[in-house]
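Subject: The structure, and what turned up in it

Hello,

Here is the structure I promised to pass on. Have a look at it first, and then read my notes below with the viewer open.

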Amino acid sequence: MNTKSKITLSAAFCVAGGIAAVAWAQQSSLSGKSPMAGILLKDKAPELLEPDEAFKSRVSVVGPNKLAIDVTPAGGYYVYKDKIRVTIKNAGGASLGAVHLPPAETKVDQTFGKTEVYHQTVKVGVDLVRVPTSKKVTVVTTYQGCNEKIGVCYSPIEKSVDVVLP
């Protein structure tokens, strides 16, 4: 065995919103031609995306009393249905009506047990109740998701967007 081969195992522990996850990463620094070199390089641990790359959101105005919010997990990621929240701030006479979520996939999750998740873009419909003079609102969308393969969950993500109403 080549004595210049070095294997380092490190653990990352994440507690996010009551979710605990452990991710193991393996790094190797190999010199020479150890028989283990090929095996170690093939088993390279996948990298986690930054939260804004793993989960994207977009708010659009559909009508005078209707908004649409798209929450999109990257490939290999998912979003929990019951962790999607919408609130309105700086409403100036507008308030949040019903929030419509589409059906989701059932998943047996290591932390939450049987739960519902989205692997693809979630199209959330939001009804507004407003007076004609309310022209601008701040839409706050909160969501949480995980990496499917590694099983690491991200802290809840909150995004605020100012929206001009017709």
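Let me start with the rings: a search of the whole structure finds four aromatic pairs. Here the rings of Phe, Tyr and Trp (its six-membered ring) pair if their centres lie within 6.5 Å, with planes under 30 degrees apart counted as stacked, over 60 as edge-to-face and the rest as tilted. Phe55 and Tyr77 make an edge-to-face pair, 5.7 Å centre to centre with 90° between the planes. This pair links distant parts of the chain, since Phe55 sits in strand β3 and Tyr77 in strand β5, 22 residues apart. Tyr77 also pairs with Tyr154: the ring centres are 6.0 Å apart and the planes are at 55°, so this pair is tilted. Again distant parts of the chain are linked, with Tyr77 in strand β5 and Tyr154 in the loop between β12 (145–147) and β13, 77 residues apart.

Before going on, a word on the source. This is a predicted model, in which local features need pLDDT of at least 70 and side-chain atom pairs count only at pLDDT 80 or more, while totals for chains, interfaces and linings use all residues. Residues are numbered from 1 along each chain as its sequence is written, and side-chain values use heavy atoms, with hydrogens and water left out.

(Buried means under 20% relative accessible area, exposed over 50%, and partly exposed in between, with a 1.4 Å probe and protein chains only.)

Now the overall picture. The chain has two helices and 13 strands; these are DSSP runs numbered from the N terminus, helices being H or I of at least four residues and strands E of at least two. Buried residues make up 34% of the 166 residues in the chain. Among contacts between residues at least 6 apart in sequence, 65% join residues at least 24 apart, where contact means heavy atoms within 4.5 Å.

What about the core? In soluble globular proteins, nonpolar side chains tend to be buried together. A nonpolar core here is a set of buried Ala, Val, Leu, Ile, Met, Phe, Trp, Tyr and Cys residues joined through side-chain atoms within 4.5 Å. The largest one has 26 residues, of which Phe55, Ile69, Val137 and Val139 touch the most other members. Several strands supply at least two residues each, including β3 (55–63), β4 (66–73) and β11 (136–143), and β10 gives the most, with four residues. A second, separate core of five residues includes Tyr80, Val117, Cys146 and Cys153.

Those two cysteines deserve a look of their own. A search of the whole structure finds one disulfide, meaning a pair of cysteine sulfur atoms within 2.5 Å. Cys146 and Cys153 form it, with their sulfur atoms 2.0 Å apart, and both residues are buried. The torsion about the S-S bond of Cys146 and Cys153 is about 90°, so the disulfide is right-handed.

On strand pairing, two strands count as paired if DSSP finds at least two bridges between them. β3 and β4 run antiparallel and are joined by eight bridges, and a hairpin connects β3 to β4 through two residues. Gly63 has Lys66 in β4 as its bridge partner. β4 also pairs with β10, in the antiparallel sense, over six bridges; Asp70 stands opposite Lys123 in β10.

His100 lies in strand β7 (residues 94–100) and is partly exposed at 37% relative accessibility. The C-alpha atoms of His100 and Gly125 are separated by 4.8 Å, although the two are 25 residues apart along the chain. Thr115 is in strand β9 (residues 113–118) and is buried, with a relative accessible area of 10%. Leaving out residues up to four places away in sequence, Thr115 touches Tyr80, Asp82, Glu105, Thr106, Lys107 and Asp109.

Best wishes
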